[in-house]
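Take a walk through this model, one residue at a time.

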Amino acid sequence: MNGIIIIDKEPDFTSADVVAKMRGICGQRKIGHTGTLDPAATGVLPICLGSGTKLCSLLTDKDKEYMAELLLGVRTDTQDTTGRVLEENSVEVTEDAVRAACLSFVGDYQQVPPMYSALKVNGRRLYELAREGKEVERKARPVTILALEILELRLPVVKIRVACTKGTYIRTLCADIGEKLGCGGAMQSLRRTRVGKFTLEQAVTLGQLQERKDSGRLAEALLPVESCFRGYPCLTVRAGADKFLENGNALYPDQTIENRIYGHQEWVCFHRPDGSFAGIYAFDETENRYKPVKMFLEKE
């Protein structure tokens, strides 16, 4: 199987657990995930299979969207309510102040990664150091909160929807909102609703996937690799030039049916003469030809 299956991850599963389960259900080893979700978190987790595993690094760069619950008045060592409580405070803030604090984070934002994260410092995962009771200095990283909407306000709980760029920790955003309000805050729940173009509407649970396998309908859950590039321009290689495509060679515009040049370094989907997807190319103006960016030569 070559493509993507969108899993609706359930709580208490790590992303690695999901991959292990998927290998058993799908009966193949070449499977990878596109970025971790905390065990307590739920929601969209794209799983790549076969040649689709080449997409893993591309999908980790995509914008994401979450629904989260922020609990005000508490600080924990993990920045969520699964961690050890460090401090509890009364919440004496107005709803208007909460709205203003939340919305103040929209836009570019320098975020310090949490100690309980998979980032490495001097070859060690931060969460490994945290479990040893150690804390090290972390550099703030630029992230962008593309949108933040307050869905429900029942103090001390605030339910929010957040769209953000890669590398954003929603736990840290919740803690930072709490700090801005002066009472502290921790993430109470998290559900990822979108990764790039993939949404919960396309997702299945592991149980549902097993049911599809048992009834011979497993392929129904598989999205083609090209679905990741929906909306990109497309070119079809002429018969006779397809051997160059299959070898991952550069191609001139007149070797395609359309004989068209797209913008410098703009990604273009290349298809075989039979219409099947083969890979992503980009035009190189210095060489006046399309050069491969990522090839997906296994036919689906």
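Helices and strands here are DSSP runs, numbered from the N terminus: helices are H or I with at least four residues, strands are E with at least two. By that rule, R125 lies in strand 9, which spans residues 124-125. The model is predicted, so local features need pLDDT of at least 70, side-chain atom pairs count only at pLDDT 80 or more, and totals for chains, interfaces and linings use all residues. Residues are numbered from 1 along each chain as its sequence is written, and side-chain values use heavy atoms, with hydrogens and water left out.

Stay with R125. Its relative accessible area is 31%. Contact means heavy atoms within 4.5 Å. Leaving out residues up to four places away in sequence, R125 touches S117, A118, L119 and K120. I31 is another matter: R125 and I31 are 94 residues apart in sequence, and their C-alpha atoms are 23 Å apart in space.

Now move to Q111. This residue sits in strand 7, residues 107-111. Is Q111 buried or exposed? Q111 is buried, because its relative accessibility is 1%. Beyond its neighbours within four places in sequence, Q111 is in contact with K139, A140, R141, V143, G167, T168, Y169, T172, L173 and D176. The side chain of Q111 also makes a polar contact of 3.3 Å with that of Y109. A polar contact is a pair of N or O atoms within 3.5 Å; within protein, one must be able to donate a hydrogen and the other to accept it, and residues adjacent in sequence count only if both atoms are side-chain atoms.

Charge pairs come next. Side chains of opposite charge can pair when their charged atoms come close. A salt bridge puts a side-chain nitrogen of Lys or Arg within 4 Å of a carboxyl oxygen of Asp or Glu. The structure holds 20 of them.

One joins R124 and E132, at 2.7 Å from N to O. R124 is partly exposed at 30% relative accessibility, and E132 is partly exposed at 43%. Another joins R138 and E135, at 3.2 Å. E135 is exposed, with a relative accessible area of 63%.

E287 and R289 form a further bridge, their closest N and O atoms 2.8 Å apart. E287 is partly exposed at 32%, and R289 is partly exposed at 26%. Elsewhere, salt bridges that share partners link E65, E149, R161 and R194 into one network.

Notes
Buried < 20%, exposed > 50% of the residue type's maximum accessible area, 1.4 Å probe, protein only.
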